[in-house]
Structure formats: structure tokens, C-alpha cells
Amino acid sequence: MYQAYAIRPVGSQVLFNPGGYFDQGSAVDHNAVLSFVGQFYPSLAGLFQQNYFATSLRNRGLVDCPYGPPLKHFPFAEDAGPIVASIRKFVTTYIYSYYPALSMLTGDQEVQAWITEANTAAQVLDFPPAPLDHRSTLIDILTQVAYLTGVNHHVLNSNAPSELSGTLPFHPSAFYKPIPTAKGVDNLVSFLPNLNQSMKQVTLTLRFNRPTLPEEHGELVDMFSASSFLVGQPQGVQRAKDVFRAEMEALGAKVEGKGFDNRGLSQGMPFVWKVLDPRRIPFFLCV
């Protein structure tokens with residue numbers, strides 16, 4: 001994956017290191033962050049198939065819930081759903097172009113060895129089992145990788161913290177002592193960071209921005225547009241790339257056009273959620 005390895009050294013050097021940004025500007029220190037990841041990853045976040053887009057939403061009772069009323073609005077799903085559908089459509093075209101016959105997939109020793117390694121030495125949790133004998137399974141895998149790196153990750157990273165989720169006091173890191181367990185709190189100021197700590201938080205969230213993305217052609221709309229990838233690809237894949245880009249441009253315009261209705265709400269909320277504009281988020285993991 002493009003620049004995937006960059007996450008680990010950057011995080012260990014400046015984010016989760018002793019005295020790093022988390023220690024300087026958060027209510028919890030770097031040890032708490034690592035402890036949370038150590039508990040959350042093997043029990044939920046690291047489960048590959050269980051975190052497929054639609055599957056994850058159902059598992060958490062956010063859609064198709066058997067109890068309670070359905071959500072009237074779900075901005076993340078409303079914006080992410082079309083992106084995932086477009087990614088899947090392109091990946092489907094690509095896989096059927098690369099493996100026009102199922103026997104070509106089942107006989108591909110390199111990809112079969114990769115599936116085996118993922119389930120054994122790599123110990124990927126909840127990964128599709130070997131052997132890989134359906135093109136639809138490979139489409140699921142590649143769509144999920146693209147979704148995790150190009151969509152899901154950026155809901156909490158990239159431009160999102162500084163533009164929306166990092167707005168005090170709405171961000172979880174805003175609280176500097178245990179959240180109240182009973183009603184009746186009239187003033188939240190005592191729960192919030194002081195001025196110096198707030199400035200450190202703001203500085204950290206701004207560091208997640210990637211202002212050079214347009215110059216790098218690294219936005220989500222460019223996910224399948226690299227010339228090195230497209231060289232030698234059949235016309236069907238070339239057309240699928242154009243369709244994907246057009247769909248992402250249209251979705252970006254729709255996201256940009258969001259605003260408040262006559263009740264002062266946007267998608268049922270008192271603020272405008274524009275995080276998943278495909279023209280402004282990377283198609284790869286980034287910090």
C-alpha cells in the first residue's frame with residue numbers, strides 16, 4: 001500500500017513516544033493510548049471481515065437494528081456508502097479483467113501464497129481463508145483495504161481533526177478529568193484543558209493536514225489514476241477509472257454543497273459534516 005509503512009515510525013517518534021504530542025496535550029498519556037490499541041485491535045478493530053463497511057455497521061446496531069427506531073440521519077454512512085460502492089465497482093472491473101477465467105485465479109500461485117501467509121505467519125485476524133477460490137472474495141479484500149486506507153482512516157485523521165472533530169469541547173481529548181456520571185453539571189469549563197493545553201491540541205490537529213495533496217495527486221479521486229498503474233491496462237479498466245473519478249468528483253461537489261436547512265440543521269445535526277470530500281482526503285494512510 002502506498003506509504004503504508006510511514007505510519008509506524010512517525011507514530012512512534014512523535015505521537016506515542018514518551019514526552020510526545022499525546023503526553024503534552026491529552027488527558028491520557030502515551031501508555032494509555034498503546035494500552036487501548038492493545039485491547040481494541042484483537043477484540044474488534046483488527047477483525048478483517050467483521051469490519052467490512054456494511055457488516056461493521058450492522059454489527060454495531062447502526063443499521064438494520066432489530067430493536068429501537070432506525071437512525072433518521074447517519075452522515076458517515078450517507079457519504080461513505082457511495083464511495084465504497086464506487087470502489088467496489090472499479091475493483092470488480094479490474095479483477096474480472098485480470099482474471100477473466102476463475103481457473104486463472106485459483107492457479108495464481110503468488111496470490112494463493114499471499115492468502116495462505118495472511119492466515120498463518122502474518123496472523124491476520126478474521127481474514128478470508130485459503131485457498132482463494134472465488135473472485136468475489138478477492139474483490140471483498142481489495143475493496144476493504146481501499147476503504148480502510150482511503151475512507152475510514154480519514155474520518156478521524158487528515159483534515160478532520162482541525163476542521164471538525166477537534167473542535168473543543170466536542171473532541172474526546174477535550175476532557176481533562178473523568179466525565180460526569182450524573183446530571184446536574186452546570187459548567188463544563190473545569191472539565192476542559194486550559195489555554196496552553198488547548199493550543200497544544202490545536203497544533204497537533206493541524207499537523208494532520210496535508211496541504212500538498214493536490215500537487216501530489218494524492219486525493220481519493222486519484223486512487224486509480226496513477227499512470228504507472230494504468231500502463232497496459234485494457235480499455236475496460238481505463239473506462240472504470242474515468243467512471244470512478246467522475247463519481248468522486250460529483251460526490252465531492254455534493255459534500256461541498258452541504259449547508260443548514262430551515263431548521264438550522266444539516267443531515268439532522270447542528271453543524272455541517274464535510275469530512276469525506278473525495279477531492280480533499282488522501283487515498284492512502286497518512287499522518
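This is a predicted model: local features need pLDDT of at least 70, side-chain atom pairs count only at pLDDT 80 or more; totals for chains, interfaces and linings use all residues.
Which side chain meets that of D242 in a salt bridge?

1. **The D242 pair.** The partner of D242 is K241, and their side chains meet with an N to O distance of 2.8 Å. D242 is partly exposed, as its relative accessible area is 43%. K241 counts as buried, because its relative accessibility of 16% falls under the 20% cut-off.

2. **A link between K258 and D79.** The structure holds eight salt bridges. One of them pairs K258 with D79, and the closest N and O atoms are 2.5 Å apart. K258 sits in the segment after α13 (235–256) and D79 in helix α5 (residues 75–98), so this pair ties together parts that are 179 residues apart in sequence. Both ends are worth a look for their cover: K258 is buried, with a relative accessible area of 16%, and D79 is buried at 4%.

3. **A link between α5 and α13.** K89 and E247 form a salt bridge through their side chains, at 2.5 Å from N to O. K89 belongs to helix α5 and E247 to helix α13, so the pair ties together parts 158 residues apart in sequence. K89 is partly exposed at 43% relative accessible area, and E247 is partly exposed at 25%.

4. **Helix α7, face by face.** In helix α7 (residues 109–119), the buried residues are V111, Q112, I115 and A118. Looking down the axis of α7, you will find these buried residues within an arc of 125 degrees, so they line one face of the helix. Their cover includes α6 (102–106) and α8 (135–150). Q109 and E110, on the other side of α7, are exposed.

5. **The loop between α7 and α8.** Some backbone geometry here deserves a second look. Most residues other than glycine have a negative phi, and most peptide bonds are trans. Q123, in the loop between α7 and α8, has a positive phi near 55 degrees. D126 is placed in the loop between α7 and α8, and its phi is positive too, at about 60 degrees, although D126 is not a glycine. Q123 is exposed, with 60% relative accessible area, while D126 is partly exposed at 28%. P131 also lies in the loop between α7 and α8. The peptide bond that joins A130 and P131 is cis, with omega about 0 degrees.

6. **N17 and its surroundings.** N17 is found in the loop between α1 (7–15) and α2 (21–25). With a relative accessible area of 17%, N17 is buried. A polar atom of the N17 side chain lies 3.1 Å from the backbone oxygen of Q13. Setting aside neighbours within four places in sequence, the contacts of N17 are G11, S12, D23 and H30.

7. Finally, F36, V37, F40, Y41 and L44 make a nonpolar surface patch of about 480 Å². Y41, one of its members, is in helix α3 (residues 30–45). Y41 counts as partly exposed, at 45% relative accessibility.

Note on methods. Residues are numbered from 1 along each chain as its sequence is written. Side-chain values use heavy atoms; hydrogens and water are left out. Patches are made of residues with over 30% relative accessible area and no salt bridge: like charges are joined within 9 Å, nonpolar side chains (Val, Leu, Ile, Met, Phe, Trp, Tyr) within 5 Å. Accessible areas come from the Shrake-Rupley method with a 1.4 Å probe; for residues, only the protein chains shown count as cover. A salt bridge is a side-chain nitrogen of Lys or Arg within 4 Å of a carboxyl oxygen of Asp or Glu. Helices (H or I, at least four residues) and strands (E, at least two) are DSSP runs, numbered from the N terminus. Buried means under 20% relative accessible area, exposed over 50%, partly exposed in between (1.4 Å probe, protein chains only). A polar contact is a pair of N or O atoms within 3.5 Å; within protein, one must be able to donate a hydrogen and the other to accept it, and residues adjacent in sequence count only if both atoms are side-chain atoms. Contact means heavy atoms within 4.5 Å. The arc is that of the directions from the helix axis to the C-beta atoms.
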